[in-house]
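Good morning, everyone, and thank you for making the time. I would like to walk you through one structure, so please have a look at it before I start.

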Amino acid sequence: MEHHPTIFQIPNFLGVLGIPGPWVPEHVTMAWLVMAILVGLSYLATRKLEAVPGPMQNLMEVVVEAFGNLLEQMIGPKGKRYLPLIGTAGLFILVGNLLGSIPGLKPPTANLNTTAALAITVFLSYNFFGIREQGIVGYLRHFCGPILWLAPIMFPIEFIGHLARPISLSIRLFGNIFGEESVIIILLSLIWLVIPYGIYLAIMMPLSLFTSVVQTFIFVMLSMVYIAGAVHVEHEEHH
Amino acid sequence: MIQGAQEGRRSVVAMKDDQVPLWRQLAGLSSLGITFAASIAIGAAIGILLDRWLRTSPWFTILFFLFGVAAGFVNLLKDLKRWGR
């Protein structure tokens, strides 16, 4: 499995910080590309806002509204407060995943460092939100369970359970995207002629588009569940 | 006119109400296995680090390994209760 470089690379201007190699690492370059795309789109969409939105503004409003609605469904009427975090993470992951479908580019989310950064951000944020809503004592009381004398046992159990969340978030996203990328690369290097490209276009391409969207959705959904669990006082189950 | 367009768009954007629980279930259930494994690994890691720090060789490893397993099962049961209807 040979190494395919991406179509553009940035010379390593961060060498003074101790980052090795002649080029900036690929996933970092690609993450910057995703940021550039998102910033550019946002700029184009909000350059001149109108009451009757143009196509660009319309698209962005739909996207933002979709996230907002989901948040209100999951967290409740105050859910829109968390739109900046969830929306940013969701859009970054979605655009990042979809970059994998463009030949010559690689998804930044196919590297554990990127997904770990996202998952740790979500982890710290939902703990912060929980403490902000309930105070530090109220939030920590959650960890101790309902029965007082069981608290010394419940606390480490809950603590470990919470620590497992960012790990599962980051590894699931990384594993899915990286695995999909690897399968495509191996498939394309198996045999020559048009057969692997036919398989790629017929099977892997739709599959990778599907995984991209579903993984984004799962990440966003679980982040919302975690925030809801931290913010609510043992949130009421409405089935 | 504009109001109508807004309404139409909203109905496109908002997922149908009966679809959201399904996707929530997908998100929740897809994290069962990996959370279970991660809990045990984290418990063992904490135990090993504590032992190395305090030089009390097997004890904290055993204790926190058990805590990790317990955390895995607690999370598993909680998630199943919440998602697996």
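This is a predicted model: local features need pLDDT of at least 70, side-chain atom pairs count only at pLDDT 80 or more; totals for chains, interfaces and linings use all residues.

Is Leu173(A) buried or exposed? Leu173(A) counts as buried because 26 other C-beta atoms lie within 10 Å of its own, where 20 or more are needed for that label. If we set aside the neighbours within four places in sequence, the residues in contact with Leu173(A) are Ile93(A), Thr109(A), Thr115(A), Gln215(A) and Phe219(A). Another pair to look at is Leu173(A) and Ala119(A), which are 54 residues apart in sequence, while their C-alpha atoms are 9.6 Å apart in space.

Stepping back to the whole of chain A, we find 6 helices and 0 strands, and the C-alpha atoms fill a box of roughly 70 × 50 × 45 Å along the principal axes. Chain A has 239 residues, of which 31% count as buried. If we take the contacts in chain A between residues at least 6 apart in sequence, 61% of them join residues at least 24 apart.

Chain B has 85 residues, with 21% of them buried, and its secondary structure comes to 4 helices and 0 strands. For chain B the corresponding share of contacts, again among residues at least 6 apart in sequence, is 58% joining residues at least 24 apart.

Now to the place where the two chains meet.

On the chain B side, I would like to follow helix α3, which covers residues 32–54 of chain B and so has 23 residues. From its first C-alpha to its last, α3(B) reaches 33 Å, close to the 33 Å expected at 1.5 Å a residue. Several residues of α3(B) are buried, among them Phe36(B), Ile40(B), Gly43(B) and Gly47(B). What covers the buried residues of α3(B) includes α5 of chain A, together with α4 (57–83) of chain B.

For contrast, consider Lys81(B), which has its place in helix α4 of chain B. Why does Lys81(B) count as exposed? Lys81(B) is called exposed because there are 10 C-beta neighbours inside 10 Å, and the limit for that label is 12 or fewer. The C-alpha atoms of Lys81(B) and Ile42(B), which are 39 residues apart along the chain, are separated by 23 Å.

Finally, a word on confidence. Chain B averages a pLDDT of 79, and 75% of the residues score at least 70. Within chain B, confidence is highest in α3(B), at 90, and lowest in helix α1 (residues 2–13), at a mean of 50. For the complex, the predictor gives an ipTM of 0.74 and a pTM of 0.83.

Conventions:
Residues are numbered from 1 along each chain as its sequence is written. Chains are lettered from A and ligands numbered from 1 in the order in which they are written. Helices (H or I, at least four residues) and strands (E, at least two) are DSSP runs, numbered from the N terminus. The expected span of a helix is 1.5 Å times one less than its number of residues. Two residues are in contact if their C-beta atoms, placed from the backbone, lie within 7 Å. pLDDT is the predictor's confidence in each residue, from 0 to 100.
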